[in-house]
Amino acid sequence: MKIHEYQAKEILKKYNVPVPNGKVVFSPEDAVKAAKEIAGKIKVVKAQIHAGGRGKGGGVKVAKNIPEVRKFAKQILGMNLVTHQTGPEGKKVKRLLIEQGVNIDKEMYVGITLDRAQSRNVVMVSTEGGVEIEKVAAETPEKILKESIDPAVGMQAYQARKLAFGLGLEGVQFKNAVKFLMSLYKAYDATDASIAEINPLVVTKEGDVIALDAKMNFDDNALYRHKDIVEYRDFDEEEPLEIEASKYDLNYIKLDGNVGCMVNGAGLAMGTMDIIKLAGGEPANFLDVGGGANKETVANGFKIILTDPNVKAILINIFGGIVRCDRVAQGVINAVKEIKVEVPIVIRLEGTNAKEAGVLLKKSKLNFEVATTLEDAANKVTAVLKK
């Protein structure tokens with residue numbers, strides 16, 4: 001689950017991670033009121049959407065006085081903000097963060113996430129703050145320092161000191177950076193976050209170390225332990241089809257292609273998307289109906305796929321292990337009869353009761369293309385797109 005910057009900073013403050021003083025607002029009038037309450041002459045007006053690159057898109061402005069706060073708030077609120085993470089369609093800005101300006105001396109980067117190869121969390125820092133970490137990794141990977149964290153003992157002070165030293169910090173800046181890193185890791189670990197990213201992390205001329213920006217994502221499977229974080233969910237920032245899918249416990253992610261995919265198992269789903277691309281097609285979604293899918297699950301997944309107007313063909317690729325292929329086939333038949341389907345469907349069912357599923361599909365007298373292998377399925381679904 002993703003949350004807004006101001007929400008991430010609310011969480012970080014609970015764990016003694018220093019952040020600028022700020023307030024979320026929903027109108028220019030509230031922006032002006034908040035600016036008057038926040039100390040300091042310089043204020044920053046920041047668009048709040050679930051995407052990075054807001055500054056480059058015109059969603060972050062530095063105001064030198066109250067009239068400029070009002071001016072920038074009017075400009076940004078309601079705008080369709082396009083960044084490298086939103087895609088060309090952009091996102092509408094519905095809330096702002098009004099924040100105090102800080103006396104920046106240096107901009108750096110810190111991020112924490114899971115390194116699946118090591119099965120450990122890793123803390124990454126870089127002197128290249130304010131730059132996409134992917135760009136730093138591609139062009140100057142030597143500028144990224146990493147510390148792998150033993151889950152049995154957590155982050156140790158010596159690791160934080162090593163990272164702070166690697167950033168070239170000294171004196172009070174060094175001490176504050178060590179405290180910052182230890183507190184940030186505690187916040188990340190305690191909230192079951194999947195990523196905590198501070199970019200930029202700034203050192204002020206006074207020696208303070210502050211999270212000027214903050215991004216936190218959370219493991220959906222652990223949210224039952226964090227009811228307070230669940231309250232931060234902003235449905236306006238989420239894809240409507242993904243919200244609908246979550247109601248049926250379906251793992252669905254909308255993509256930009258035209259081939260709708262229904263698969264059971266995340267690994268098989270990713271493999272299916274890869275082979276569609278190899279065959280010359282573009283997947284329209286990731287949809288894992290799960291190992292225990294039944295007729296209702298499959299029917300709901302089918303309806304969600306068809307709701308996407310970009311879908312021009314559908315590939316159903318099910319391996320029957322726990323789930324029975326005949327149940328999947330019946331779910332597809334029910335959905336096709338219930339919904340007006342105007343796109344071709346390619347089905348590949350293999351495993352438990354695959355033969356029975358084939359009989360059901362044939363008796364239905366519905367127009368399905370049946371494939372025998374994954375490669376055959378990908379070739380058939382891309383071929384029907386060209387007709």
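This section describes the overall make-up of a predicted protein model and then several of its residues.

Residues are numbered from 1 along each chain as its sequence is written, and side-chain values use heavy atoms, with hydrogens and water left out.

The protein contains 13 helices and 18 strands; these are DSSP runs numbered from the N terminus, helices being H or I with at least four residues and strands being E with at least two. The C-alpha trace spans about 75 × 50 × 40 Å along its principal axes. Of the 387 residues, 48% are classed as buried. Buried denotes under 20% relative accessible area, exposed over 50%, and partly exposed in between, with a 1.4 Å probe and protein chains only.

Among contacts (heavy atoms within 4.5 Å) with a separation of 6 or more, 67% are between residues 24 or more positions apart. The protein carries 55 positive and 51 negative side chains, and the centres of the two sets are 3 Å apart. In this count Lys and Arg are positive and Asp and Glu negative, with His and the chain ends not counted; the place of a charge is NZ of Lys, CZ of Arg, CG of Asp or CD of Glu.

Zero disulfides are present in the structure, a disulfide being a pair of cysteine sulfur atoms within 2.5 Å. Cys 261 is in no disulfide, and the nearest cysteine sulfur, that of Cys 325, is 17 Å away. Cys 325 is likewise in no disulfide, its nearest cysteine sulfur being that of Cys 261. Cys 261 is buried, at 1% relative accessible area, and Cys 325 is buried at 0%.

The backbone oxygen of Cys 261 lies 2.8 Å from a polar atom of the Asn 285 side chain. Such a polar contact is a pair of N or O atoms within 3.5 Å; within protein, one must be able to donate a hydrogen and the other to accept it, and residues adjacent in sequence count only if both atoms are side-chain atoms. Asn 285 belongs to strand 15 (residues 285-288) and is buried, with 1% relative accessibility. Apart from neighbours within four places in sequence, the residues in contact with Asn 285 are Tyr 252, Ile 253, Lys 254, Leu 255, Val 259, Gly 260, Cys 261, Met 273 and Ile 305.

Ser 183 lies in helix 6 and is buried at 16% relative accessibility. Residues up to four places away in sequence not being counted, Ser 183 touches Tyr 15, Asn 16 and Val 17. Ala 190 is also part of helix 6, which covers residues 171-190. With 36% relative accessibility, Ala 190 is partly exposed. On the basis that excludes residues up to four places away, Ala 190 touches Tyr 15 and His 226. Ala 190 and Tyr 15 are 175 residues apart along the chain, and their C-alpha atoms are separated by 9.3 Å.

Asp 192 is located in the loop between helix 6 and strand 10. The residue is not a glycine, yet has a positive phi of about 55 degrees, and is partly exposed at 22% relative accessible area. Strand 10 (residues 193-204) includes Pro 200. The peptide bond from Asn 199 to Pro 200 is cis, with omega near 10 degrees. A positive phi, near 60 degrees, is also found at Ser 119, a residue other than glycine. Ser 119 occupies the loop between strand 7 (104-115) and strand 8 (120-126) and is exposed, at 56% relative accessibility.

Ala 31 is situated in helix 2 (residues 28-37) and is buried, with a relative accessible area of 0%. Beyond residues up to four places away in sequence, Ala 31 touches Val 25, Val 69, Ala 73 and Ile 98. Ala 31 and Lys 247, 216 residues apart in sequence, are 36 Å apart in space from C-alpha to C-alpha.

Technical notes: This is a predicted model: local features need pLDDT of at least 70, side-chain atom pairs count only at pLDDT 80 or more; totals for chains, interfaces and linings use all residues.
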